[in-house]
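Subject: Structure handover

Hello,

Here is the structure for you to look through. My notes follow below it.

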Amino acid sequence: MDITERIKQKRGQDTIAGILPGAASASVTDVARSFGLLDSSECYEEIDAVEAAKVIENVLHRDMAYNTEIMPFSLARELSGEFVAAFAGSDARFFTNGEWGRSTGALGVGWTPVTSATFDTGVLVVSDQTFGCVWCMDED
């Protein structure tokens, strides 16, 4: 089972995850559209790979609405690391929609919704070879 299928299986139905073939001229809005997310560039902020891994591990570990544990932190870290590692050696750029799960901000503070869910966050990856997405949604 590939890493995105493992993420969806462990996180649940309100998770978008995938790695698709890329294109040299792709933008973050192209990638967002490919995964059914709002395709407005104002919604996404570029972050580095370390910060991307942190966002993914936090959103896999705990529910955004009630902060309840979804999976053990060690598993969330493992899955996050494997996803980000899938883009090692490429020209990958990582994007998220705010501070949720980042080490620079408190959990749950400042994000721009890109789905119809009450809470949503994740990481989009843009590179010449592949596109990637791990996006999680929760309701209160």
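First, the terms: helices (H or I, at least four residues) and strands (E, at least two) are DSSP runs, numbered from the N terminus. Two strands count as paired if DSSP finds at least two bridges between them.

The model is predicted: local features need pLDDT of at least 70, side-chain atom pairs count only at pLDDT 80 or more, and totals for chains, interfaces and linings use all residues. Residues are numbered from 1 along each chain as its sequence is written, and side-chain values use heavy atoms, with hydrogens and water left out.

Overall layout

The protein chain has four helices and five strands. Along the sequence they follow the pattern α-β-α-β-α-α-β-β-β. The C-alpha atoms fill a box of roughly 40 × 30 × 25 Å along the principal axes. The radius of gyration, taken over C-alpha atoms, is compared with a globule rule of 2.2 Å times the number of residues to the power 0.38. For 140 residues a compact globule would have a value near 14 Å; the protein chain has 13 Å, which agrees.

Buried means under 20% relative accessible area, exposed means over 50%, and partly exposed lies in between (1.4 Å probe, protein chains only). Buried residues make up 46% of the 140 residues in the protein chain. The protein chain exposes about 6500 Å², and carbon and sulfur atoms supply 50% of that. These accessible areas come from the Shrake-Rupley method with a 1.4 Å probe; for residues, only the protein chains shown count as cover.

Contact means heavy atoms within 4.5 Å. Among contacts with a separation of 6 or more, 63% are between residues 24 or more positions apart.

The sheet

The five strands form an open sheet in the order β1-β5-β4-β3-β2, with antiparallel pairing. β1 (15–21) and β2 (45–47) are at the edges with a single partner strand each, so one side of each has no neighbour in the sheet. Neighbouring strands are turned by 20° against each other on average, direction ignored. For angles, axes are lines fitted to C-alpha atoms, for helices over the stretch in contact; values run from 0 to 180 degrees between N-to-C directions.

Look at β5 closely. Eight of its nine residues are buried, so β5 is largely enclosed by the rest of the structure. Seven bridges join β1 to β5, and the two run antiparallel. In that pairing, P21 stands opposite T130 of β5. On the other pairing, eight bridges link β4 (residues 119–126) with β5 (residues 130–138), again antiparallel. T121 has C136 of β5 as its bridge partner. L124 has C133 of β5. β4 and β5 form a hairpin with three residues between them.

Helices on the sheet

Helix α1 (residues 3–11) lies across β1 and β5 and runs at about 175° to β1. Helix α4 (residues 73–85) lies across β1, β3 (93–96), β4 and β5. The angle of α4 to β5 is about 150°.

The cores

A nonpolar core is a set of buried Ala, Val, Leu, Ile, Met, Phe, Trp, Tyr and Cys residues joined through side-chain atoms within 4.5 Å. The largest has 25 residues, and I7, L60, F83 and F94 touch the most other members. The elements giving two or more residues to this core are α1, α3 (49–61), α4, β4 and β5. The largest share, six residues, comes from α3.

A second, separate core has 15 residues, including V28, C43, Y44 and V126.

Leaving aside neighbours within four places in sequence, F83 is in contact with I3, T4, I7, G18, I19, I56, V125, G132, C133 and V134. L60 is in helix α3. At 0% relative accessibility, L60 is buried. Not counting residues up to four places away in sequence, L60 touches I7, R11, I70, M71, A76, L79, S80 and C136.

One backbone detail

Most residues other than glycine have a negative phi. N67 has a positive phi of about 60° although it is not a glycine. N67 is in the loop between α3 and α4. N67 is partly exposed, with a relative accessible area of 42%.

Best wishes
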